Amino acid sequence: MGIKPFYYYEMDDGVLFGSEPKAILANPLARRVVGLDGLRELFSFAKTPGAAVWEGMAEVRPGEIITLDRAGLRRRSYWRLRSEPHTDSREQTVSHVRELLDDIVQRQLVADVSRCTLLSGGLDSSALTALAARHLKPQGEVVRSFAVDFPDQEKHFQAVDIAPTRDAPYVRAVAEHLRNTHQDIILDGAALSSPAVRRAAVGARDLPVGIGDRDNSLYLLFAAVRKHTTVALSGESADEVFGGYPWFHDERRHAETFPWLAGPKTLIAGNEQVSRDLAPRLDLKGYVADSYRTAVAEAPPLDGESGLDARMRVVSYLHLTRMVQLLLDRKDRMSMAVGLEVRVPFCDHRLVQYVFNTPWSMKTFDGREKSLLRAATRELLPESVANRKKSGYPGTFDPSYVTAIQDQSADVVSCGRPAADLVDKRALTAATTVTPEDVTQQQRMLMERALDLDTWFAAYNPTIRV
């Protein structure tokens, strides 16, 4: 599934390799060049398996083995998603999902160091926390959990498409229900807007991804958790496996593009961020369209399947081979940067393969998202959590954070730093001059992108070849 990244850089007489681009770039023989395709990867949010942004560098694809010898470099796939008929009844399917989850969590709790769960109060992380509690109780252990929150979040919170509710009430409900040891990690605007924290987050990812406070807060959350424990279980990837995102369930699932990039409610702003001189050369619309066609052509059809079930098989494939890569890479980089091992039970290949082949009608049998996961774990959870609508990783709405990134973005423009030449400078200037309360989501994303780019240029000194 690509849980751990691995990169390589071919040379005339061998190959440089490492788990992060920075390990390869440390060698003076590796050129720090980013061309048009690299920039397209950065701005498109349409992950191309194997792409590494830096020219000459590639990433080992999930389920792939690379062999290098005197005959050259060869690639071989040892595992990929397969389409197979699903013959189990609904009751058998729910039962098997529960059996798999029980086994997976038990296996992933094995460690000779302390363990915990990352608890958001959503269905995914709450189910894992409850399963972990059941396995640890016979050993005389109480599961420990951690959550991220922000000061005055109740006052400042704004509902968005993929995060319509606050986490805190649901986190408390789970902790009280399981009687586990829980700790909230509170992150204020000053910490999240710190240039030092942004340098650490961009340095962990090696790239200016441009989601700002969500990267910065994840880095700080993992750093805080690492002070108490060494291994954490995360609910990452359950939405890709079970179909949890809003666009699995509305008109965006039929779009002729990646569903998470479709429709007016998307949080992704690709072309809107790029400088007006650069945009025609990048042609992000064409690049995403090509990437989408390639991904769809890879999706393994099932003989005799048609209609919505066939379409949702493709949509699931897009998420399990493209979107999940963005999230797994982010999770691994941020956690390993602080020495925390984050395990992802929902990426167990047995579970992924089984649920991938379950018909869409069965995955949504109760008229909700993630029906199978809810049915398999409902009896472990508070009713409010079992029935909670999908809500993604939270961001801060602290006005002091917005003010800070406005001031920092204004400096990027006024000092004429290289990052300002890659983004829409006029739009960036406009974003820095409105009152913090009036900053739109697109303006905020533009500022985050500019600041990440500015940090990246200072740390990596890339040559941009366009």
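Predicted model: local features only at pLDDT ≥ 70, side-chain atom pairs only at ≥ 80, totals over all residues.
A salt bridge here is a side-chain nitrogen of Lys or Arg within 4 Å of a carboxyl oxygen of Asp or Glu. With that in hand, I looked up the network first: salt bridges link E20, K22, D206, D329 and R333.

Residues are numbered from 1 along each chain as its sequence is written, and side-chain values use heavy atoms, with hydrogens and water left out.

**Salt bridges**

I found 40 salt bridges in the structure. One of them joins R98 to E379, at 2.6 Å from N to O. This pair links distant parts of the chain, 281 residues apart: R98 sits in helix 3 (residues 90–108), and E379 in the loop between helix 16 (371–377) and helix 17 (383–386). Helices are DSSP runs of H or I, at least four residues, and strands runs of E, at least two, numbered from the N terminus.

I then checked burial (buried is under 20% relative accessible area, exposed over 50%, partly exposed in between, with a 1.4 Å probe and protein chains only). R98 is buried at 13%, whereas E379 is exposed at 55%.

K47 pairs with E59, their closest N and O atoms 2.9 Å apart. K47 lies in the loop between helix 2 (36–44) and strand 4 (57–59) and E59 in strand 4, so the bridge ties together parts 12 residues apart in sequence. K47 is buried at 13%, and E59 is buried at 7%.
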